[in-house]
Amino acid sequence: MASSVTLNINGVSHTVSVPDTGMPLLWAIRDIVGLTGTKYGCGVEICGACTVLVNGHPEKSCDMDVGSAVGKTILTVEGLANDPDGQKAQAAWIANQVPQCGYCQSGMLMSAVGAMKAGHHGSSILGEMNNVCVCGTYQRISKAVLSL
């Protein structure tokens, strides 16, 4: 039986009907709310393409259930333009021409912004990031992160 839940995503309350509160948050964000910047990669919390911030902390939305996100603030890549740390990270990504295919970049940005919100800067951000980039743009990612 479907459940109605309210999710606070990018500062907007979305009341959505989900088939099960145990469904992954990723599918609620993408398929129900329609914010497709958060990507499905591996589905087992390894690649990080699905990373969002929940109460300011990076979370893999492929494995976090919708029920656990109720009552918390969720920030997706679409919300970074309205966030000071997000704006700074996006500017660094652009200045360093980070993306190649770009698939992993929303998760990369969210991990970097999460580290910034935890008080990390420059090289200490790199230690917080464990996302995977198949294109191998790690040198550009590192250069962008070191400017933060």
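Helix α1 is followed by G34, whose phi is positive, near 90°. The structure is a predicted model, in which local features need pLDDT of at least 70 and side-chain atom pairs count only at pLDDT 80 or more, while totals for chains, interfaces and linings use all residues. Residues are numbered from 1 along each chain as its sequence is written, and side-chain values use heavy atoms, with hydrogens and water left out. Helices (H or I, at least four residues) and strands (E, at least two) are DSSP runs, numbered from the N terminus.

Within α1, the residues L25, L26, A28, I29 and V33 are buried, where buried means under 20% relative accessible area, exposed means over 50%, and partly exposed lies in between (1.4 Å probe, protein chains only). The buried residues of α1 pack against β1 (3-9), β2 (12-18), β3, α2 (66-69) and β5, with contact taken as heavy atoms within 4.5 Å.

Rings of Phe, Tyr and Trp (its six-membered ring) pair if their centres lie within 6.5 Å, and planes under 30 degrees apart count as stacked, over 60 as edge-to-face and the rest as tilted. By this rule the count comes to one aromatic pair. W27 and Y40 form this tilted pair, at 5.3 Å centre to centre and with 35° between the planes. The pair links distant parts of the chain, since W27 is in helix α1 (residues 25-33) and Y40 is in the loop between α1 and β3, 13 residues apart. W27 counts as partly exposed because its relative accessible area is 28%, and Y40 is likewise partly exposed, at 36%.

Two strands pair if DSSP finds at least two bridges between them. Strand β3 (residues 51-54) runs antiparallel to strand β4 (residues 57-60), and four bridges join them; T51 has K60 as its bridge partner in β4, and V52 has E59. The two strands form a hairpin with two residues between them, and N55 in the turn has a positive phi of about 50°. Strand β3 is also joined to β5 by two bridges, again in an antiparallel arrangement, and the partner of L53 in β5 is L75. Both faces of β3 are covered, as T51 and L53 on one side and V52 and V54 on the other are all buried.

| Residue | Relative accessible area |
|---|---|
| I74 | 2% |
| Q105 | 5% |
| G107 | 0% |

I74 is found in strand β5. Not counting residues up to four places away in sequence, I74 touches L7, N8, I9, N10, L25, I29, V52, L53, V54 and A69. From C-alpha to C-alpha, I74 and G56 are 7.8 Å apart in space, although 18 residues separate them in sequence.

Q105 is found in helix α4 (residues 105-117), and its contacts, not counting residues up to four places away in sequence, are W93, V98, P99, C133, T137 and I141. G107 and I94 are 13 residues apart in sequence and 15 Å apart in space, C-alpha to C-alpha.

**The largest pocket**

On a 1 Å grid over the protein atoms alone, a pocket is an open set of points where a 1.4 Å probe fits, with protein on both sides within 12 Å along at least five of seven lines, and lining residues have an atom within 4 Å of a point. The largest pocket has a volume of about 160 Å³. Of the 13 residues that line this pocket, the closest to its centre are N10, G11, I74, L75 and D83. Strand β5 (residues 73-75) gives the largest share of the lining, three residues. By class, the lining has three nonpolar, eight polar and two charged residues, where Ala, Val, Leu, Ile, Met, Phe, Trp, Tyr, Cys and Pro count as nonpolar, Asp, Glu, Lys and Arg as charged, and the others, Gly among them, as polar. The volume is the space filled by probe spheres set on the grid points, which are joined across faces, edges and corners.
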